[in-house]
Amino acid sequence: MKSYLDLIRDVIQRGEEAVDARTNVTTLSTFGRSLDINLRWGYPLLTTKRMHFKSIKAELIWFLKGCPNIKFLHDRDCTIWDEWADANGEVGPMYGKQWIDWNGHNQLQECIDALKHSSTSRRLVVSSWNVDDLDKMALSPCHILFQFYTRKGNLSCAVYQRSVDCFLGLPFDIASYALLVNMIAKQCNLQPDRLIYFMGDTHIYMNHYMQVLTQLKREPLDTPIIKLNPDITNIFDYDVDDIELEGYMSWPAIKADVVV
């Protein structure tokens, strides 16, 4: 993940101070950045700080259930969506609901079916940006669209993220989409290849600035490997115990407050 460290250095050097309209917190902000991550080298989980892999697994599986309530997450000791949920644990028709049931369309299943039967399709797209539902969501989607691409038995995915919290959000989201690519590749008998990440407003919150500097002093360690339960043949059947991480070593965690 050296490319990630280069990205946050670039944001520090080139970013312009701006007060975020939603959170009223000052950021260093740039626009239009990208990362091209080779998934053949292993699973791109950040090693310059300890990442909570169990939460990454739980959130993605929650998305795949299409569930708008955080009870599923709490049952798996994951609290990352607590700040946005209402008193009943509801977050509205966010990512999972749009992926799995956009007006009756299971967008992800349609992509999987197409990958199995029409590998050169240019329509392997899943969107979370449902304009009709934005005002019902606890938080407008940050990663709003992803597209699959396959050639010669290899599977790649391009993601577009409109708003990128470089310190807390981005490493988590990269790991989540890399896991998704691995899961779909297994189901479709393909080889995970590349994860291309396109970013709109790419920023560092100023209350994360010192933590970012600490991270930049650390050298990346070896890339871990993802292991999926070989008995699971349907992506919607996974639970957290079906996904394991092998060879993950990291520097200590760096605590920072999430900006709500």
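How many cavities of 30 Å³ or more does a search of the whole structure find? The search finds two. Keep in mind from the start that this is a predicted model.

- The largest cavity holds about 60 Å³ of space.
- Its lining is made up of Trp-62, Phe-63, Cys-67, Pro-68, Trp-81, Val-91, Gly-92, Met-94, Tyr-95, Gly-96 and Lys-97.
- Sorted by class, eight of these lining residues are nonpolar, two are polar and one is charged.
- Helix 2 and helix 4 each give at least two residues to this lining, and helix 4 has the largest share, with three residues.
- The second largest cavity has a volume of about 50 Å³.
- Around the second largest cavity you will find Met-1, Tyr-43, Pro-44, Leu-45, Thr-47, Pro-220, Leu-221, Asp-222, Thr-223 and Pro-224.
- That lining divides into seven nonpolar residues, two polar and one charged.
- As background, rolling a probe the size of a water molecule over the atoms shows where empty space is left.

**The largest pocket**

- Several elements each supply at least two lining residues: strand 1 (16-19), strand 2 (26-38), helix 2 (53-65), strand 5 (154-165), helix 6 and strand 6 (191-205).
- Strand 5 provides the largest share of the pocket lining, four residues.
- By class, the pocket lining has 19 nonpolar, 10 polar and 12 charged residues.

**Aromatic rings**

- Trp-81 and Tyr-95 are both buried.
- Trp-99 and Tyr-177 make another pair, which counts as tilted because the ring planes stand at 50°, with the centres 6.4 Å apart.
- This second pair links distant parts of the chain, with Trp-99 in helix 4 and Tyr-177 in helix 6 (residues 169-187), 78 residues apart.
- Trp-99 has a relative accessibility of 1%, so it counts as buried.
- Tyr-177 has a relative accessibility of 2%, so it counts as buried too.
- One aromatic cluster takes in Trp-62, Phe-63, Trp-81, Trp-84, Tyr-95, Trp-99, Phe-146, Phe-148, Tyr-177 and Tyr-197.

**Charges over rings**

- Lys-49 lies over the face of Phe-167, at 3.6 Å from the ring centre.
- Arg-76 lies over the face of Phe-72, at 3.7 Å from the ring centre.

**A closer look at Trp-62**

- Trp-62 belongs to helix 2, and it is a member of the aromatic cluster as well as of the lining of the largest cavity.
- With a relative accessibility of 3%, Trp-62 counts as buried.
- Setting aside neighbours within four places in sequence, Trp-62 is in contact with Cys-67, Pro-68, Asn-69, Ile-70, Phe-72, Leu-73, Trp-81 and Val-91.
- The C-alpha atom of Trp-62 is 27 Å from that of His-203, a residue 141 places away along the chain.

- Most residues other than glycine have a negative phi.
- Asn-24 lies in the loop between strand 1 and strand 2 and is exposed, with a relative accessible area of 63%.
- Lys-152 lies in the loop between strand 4 (143-151) and strand 5 and is exposed, with a relative accessible area of 84%.

Methods:
Residues are numbered from 1 along each chain as its sequence is written. This is a predicted model: local features need pLDDT of at least 70, side-chain atom pairs count only at pLDDT 80 or more; totals for chains, interfaces and linings use all residues. Side-chain values use heavy atoms; hydrogens and water are left out. Buried means under 20% relative accessible area, exposed over 50%, partly exposed in between (1.4 Å probe, protein chains only). Rings of Phe, Tyr and Trp (its six-membered ring) pair if their centres lie within 6.5 Å; planes under 30 degrees apart count as stacked, over 60 as edge-to-face and the rest as tilted. A charge sits over a ring if NZ of Lys or CZ of Arg is within 6 Å of the ring centre and within 35 degrees of the ring normal. Ala, Val, Leu, Ile, Met, Phe, Trp, Tyr, Cys and Pro count as nonpolar, Asp, Glu, Lys and Arg as charged, and the others, Gly among them, as polar. Contact means heavy atoms within 4.5 Å. On a 1 Å grid over the protein atoms alone, a cavity is a set of points where a 1.4 Å probe fits but cannot get out, and a pocket is an open set with protein on both sides within 12 Å along at least five of seven lines; lining residues have an atom within 4 Å of a point. Grid points are joined across faces, edges and corners, and a volume is the space filled by probe spheres set on the points.
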